[in-house]
Amino acid sequence: MKERTSSHKREISFTHGPIGMALIRFALPVLGALILQAAYGAVDLMVVGMYCDAASISAVGTGSTLMSMVTFILTSLAMGSTVTIAHHIGERKPQLAGRTVGTTVVLFGILGVVMTVILELCIPQLVAMMQVPAESVSLAIDYLRICSGGILVIIAYNVISCVLRGVGNANLPLLFVAVACVVNIIADFAFVGGLKMDAAGAAWATVLAQLVAVIVALFFMKRTELGFTFSKQDLRLYPAELRQILRIGIPIALQELTVQISFLFINVIVNSMGLLPSAGYGVAQKITSFIMLVPSALMQSVSAYVAQNMGANLRSRADRGTLIAILGGTAAGLVLFAAGFFQAPLLASFFSSDPGVIAQGADYIRGFSFDCVLTCTLFSFIGYFNGCGKTTPVMLQGIISALFVRIPVSAWMASLPGTSLFQVGLAAPISTVFGIFFFLVCFYFDRRKLPKTSGSHG
């Protein structure tokens, strides 16, 4: 494995050396960054649970679910930049990588302004659509208005991370998010606990933490060699790079949009079950967001890995790396399943002291935990097709799984007599099983259609 290092530089080349070690050394800091990023919402909910009531927990849980949806969609679109940059790095074309970065900055700056306006205008309608319990409506609106006002900051942090991962640097994003997490924890206790700002305090803490992360990121990036050439002249929309980013990113974003909408529908279904189920689901979502970090880290790592190898025309090496990611991820998934299924009440108690909220949250976590064993396989396939730049199968799988499996199964489970959140939670692993079979079929036909190319070096 060829690894370029200096005092300011640590990027991994995926095209040489042991595959498993390269993936691990890249995936671990990605996972660490995702864990700390998920800790934002978790700490928000934990501190709100310490100082506020179930109405506030429901408001922050629902509000953070909506903001996570927006963030995930924009980050998914930015995967088009990650894959394009990684492909150019594999081709050894640093100037084109720099043009991709410039195009990304301008594109997402425009999108950030548009999203801010749309969200600020539509928040009351979104809260009503999500059937937030009456006790939580005003709190949820306050939370969302503040977070949407800071969407440009949130986008900036996530775009910077996508660019860095595209060049094989997963260490700097970990540093940035660690700084943000510390700021968020301090601000949560100051705003929610000290100043009694309730859900609004949690929102201000999140935006402030992201702002600090962006400032730190810009400081370090000016002093770091990143493997591509970049200047102010690159800050424009290059048509070729824009087309490539959108060609790859739009299907991924549509897939993520559909997935997130499906979870919003589940949130609506659960909200209609009452205040305690709503609060319990909000708690469970924080737990499951942590559980899903391992497959998410695998997906991002496999995407960058496959893109570099495809750029270097090393298809069989890309295939082997994907298989290694599936096997390693499944082993980790078994451990996460055991923790989620057998320790669900303990996990839920970290975010609430209310016995009813804990019981409801634990029910959902147990049902969802079966997904741990399956999702690493699904997300490795997503990473593979993303890295190949063939994102249409990713989009189709996400749409079909969400609209025709996850939502209908959740609604059916919720309508059963004497149902609980355990049954609702089972919708996730059921839809994942479908997704795995879908990608197996796609992979089979992809192997038959494409000509055999070179293997790997080393």
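What is the volume of the largest pocket? In this predicted model, the largest pocket has a volume of about 550 Å³.

To view the pocket, select V105, I160, L218, M221 and F230, which are the closest to its centre of the 20 residues that line it. Next, display α3 (94–129), α5 (151–166) and α7 (198–221), each of which supplies at least two residues of the lining. The largest share, 6 residues, comes from α5. Colouring the lining by class gives 16 nonpolar, 2 polar and 2 charged residues.

Centre the view on Y364: its contacts, not counting residues up to four places away in sequence, include F263, Y281, L421 and F422.

The aromatic pairs come next; the structure holds 18 of them. Select F176 and F220, whose ring centres are 6.2 Å apart with planes at 50°, so the pair is tilted. F176 lies in helix α6 (residues 171–194) and F220 in helix α7, so this pair ties together parts 44 residues apart in sequence. F176 is buried at 0% relative accessibility, whereas F220, at 32%, is partly exposed.

Finally, select F438 and F439. Their ring centres lie 5.8 Å apart and their planes are at 80°, so the pair is edge-to-face. Both residues, F438 and F439, are buried.

Conventions:
Residues numbered from 1 in each chain as written. Predicted model: local features only at pLDDT ≥ 70, side-chain atom pairs only at ≥ 80, totals over all residues. Heavy atoms only, no water. Contact = heavy atoms within 4.5 Å. 1 Å grid on protein atoms, 1.4 Å probe; cavity = no way out; pocket = protein on both sides within 12 Å on 5 of 7 lines; lining within 4 Å. Points joined across faces, edges and corners; volume = space filled by probe spheres on them. Helix = DSSP H or I, 4+ residues; strand = E, 2+ residues; numbered from the N terminus. Nonpolar A, V, L, I, M, F, W, Y, C, P; charged D, E, K, R; others polar. Phe/Tyr/Trp six-rings, centres within 6.5 Å; stacked < 30°, edge-to-face > 60°. Buried < 20%, exposed > 50% of the residue type's maximum accessible area, 1.4 Å probe, protein only.
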